[in-house]
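I opened this entry to keep track of what I looked up, starting with strand pairing and ending with a pocket.

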Amino acid sequence: MCGVGEQSAQKTFYLETFGCQMNVHDSEKVVGTLVQEGYRQVETVEQADLILYNTCSIRDKAEQKVFHRLADFKKLQAQGKKFGVLGCVAQQEGEKIFERAPHVSLVCGSASYRNLPSMLVQLEAGKSPAAATTPVRITGLDDRQTEECFETEFTARTNPHRGYITIIEGCDKFCAYCVVPFTRGRERSRTSESVLVEARQMAEMGYTEIQLLGQNVNSYRDPTGKKSFAELLAAVGEVCGIRRVRFTTSHPRDFGRDIIEAIDAVPTLCDHVHLPVQSGSTRILEAMQRLYARDEYMERIAWIKAAKREISITTDVIVGFPGETESDFSETLNLLDEVGYDGVFSFKYSARPNTPALNLDDAIPEEEKSRRLEVLMAKQREIQISRYKKYVGQRCEVMVEGKNPARGQWIGRTSQNKTLNFTAGGSQQPTVGSYAPVLVTASFPNSLVGELVM
Ligand code: 5AD
Ligand code: SF4
């Protein structure tokens with residue numbers, strides 16, 4: 001029997017992902033689920049019977065991008081293709097998506113992915129369960145009701161060397177600006193045993209780096225009560241074959257000293273903490289409902305800096321939150337100096353549906369937000385220039401991620417999560433996924449350059 005005939009009868013899907021690492025990993029699980037249901041993934045919309053978008057609504061721009069893309073592909077409906085919107089825009093907009101983009105027949109938020117197999121059956125049957133005569137409109141909008149996590153038997157990871165494991169889904173923090181608690185549902189953790197089973201399976205498959213994921217990864221609560229977050233982190237780091245463990249994103253409020261003690265004790269835990277501060281002003285932190293003051297945040301920074309290894313620290317900042325004065329903003333600027341971050345993801349405040357900040361007065365004009373963002377980015381660039389310079393002359397171990405043929409350089413990543421591009425002389429070529437010692441010879445604001453040393 002010829003495989004081609006079989007393949008052409010197989011249902012095909014195309015999946016495009018917008019947004020954060022959680023979405024990227026959700027997509028890997030969605031692909032796994034669809035493959036188990038007999039679908040085949042294809043690389044272009046033209047080849048696909050089913051076109052899926054896993055969407056992001058964290059800021060206005062991300063959301064607009066999704067609707068533009070959906071509009072672009074409307075004409076493909078005539079070819080009998082079906083469209084589905086997954087993720088945060090799906091959860092946020094719900095059935096309104098059918099009005100705005102009538103060619104869409106599936107709308108499913110992340111808290112309902114575990115129901116995807118039955119939704120796919122309905123989609124193929126070509127009718128919505130409610131009324132057989134209406135266009136196919138299938139929804140999965142479980143929202144905050146769900147207590148379950150999305151676990152799949154098969155996850156189609158895209159990288160064979162490093163992979164994500166979600167340990168906690170959803171968010172219960174309700175920061176005043178953020179849609180996540182509304183789009184990703186309530187906080188729910190997987191059992192430490194199921195996380196460790198997955199980590200061991202990954203190690204057996206040849207993965208050497210694991211990144212533990214959660215909207216607030218350190219708010220993890222083992223439903224069986226066996227392990228704290230720090231204990232789980234250490235246990236994953238001790239899985240045979242695992243050489244690097246990362247975790248993101250940590251919430252300052254739940255960041256305990258025990259996390260640093262785990263990093264001190266377990267060498268495979270990477271020297272990097274991403275700890276979003278959002279603002280350097282206690283007044284604004286309060287308005288943001290972040291649940292910590294500046295000095296409490298700085299206390300956590302002091303713990304991190306007291307670690308045995310030098311830990312790189314990165315953060316997220318929002319500028320132009322309603323009511324942010326010039327003096328609040330300058331407190332954010334001087335916090336950057338005080339901490340000395342190795343990387344800052346900075347954003348202009350974007351008003352989001354359902355969020356408490358939507359009702360706050362004192363909106364900051366768009367141009368002023370842009371100005372503050374530029375000032376902040378210029379300052380951080382200077383900080384990074386001097387921080388990255390310190391590595392020149394040092395030897396760092398990198399995981400080899402790929403090659404840039406145009407530059408004749410290998411691309412590596414240090415334990416501190418810095419990109420280190422390097423050259424390798426003659427016969428000493430490394431392989432992707434291996435670990436290699438590199439001498440740093442030059443630095444830029446966002447990357448290092450070096451030579452392989454053997
Ligand atoms: N506007 C701007 N930035 C936001 N973020 C979350 N919500 C908003 C918003 N409404 C940023 C925060 C968060 C990061 C993932 O995105 O800094 O840490
Ligand atoms: Fe959003 Fe705050 Fe939850 Fe992070 S902790 S996902 S910023 S609500």
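**Strand pairing**

I found β16 and strand β18 (residues 447-452) paired in the parallel sense over 5 bridges. Strands here are DSSP runs of E, at least two residues, and helices are runs of H or I, at least four residues, numbered from the N terminus; two strands pair if DSSP finds at least two bridges between them. I noted G450 in β18 as the bridge partner of F422. F422 in β16 is also the bridge partner of W410. Strand β15 (residues 409-414) pairs with strand β16 (residues 419-423) in the antiparallel sense over 4 bridges. Their hairpin has 4 residues between the strands, and N417 takes a positive phi near 70° there.

**Basis**

The model is predicted, with local features needing pLDDT of at least 70 and side-chain atom pairs pLDDT 80 or more, while totals for chains, interfaces and linings use all residues. Residues are numbered from 1 along each chain as written, chains are lettered from A and ligands numbered from 1 in written order, and side-chain values use heavy atoms, without hydrogens and water.

**Domains**

I took the bounds from an automatic or database domain assignment: domain 1 (4-140), domain 2 (162-387) and domain 3 (395-452). The C-alpha centres of domain 1 and domain 3 are 38 Å apart.

**Second largest pocket**

I read about 360 Å³ of space for the second largest pocket. Of its 19 lining residues, T152, E153, T155, E198 and Q201 are the closest to its centre. A pocket is an open set of points on a 1 Å grid over the protein atoms alone where a 1.4 Å probe fits, with protein on both sides within 12 Å along at least five of seven lines; lining residues have an atom within 4 Å of a point. The volume is the space filled by probe spheres set on the points, which are joined across faces, edges and corners. α8 gives the most to the lining, with 5 residues.
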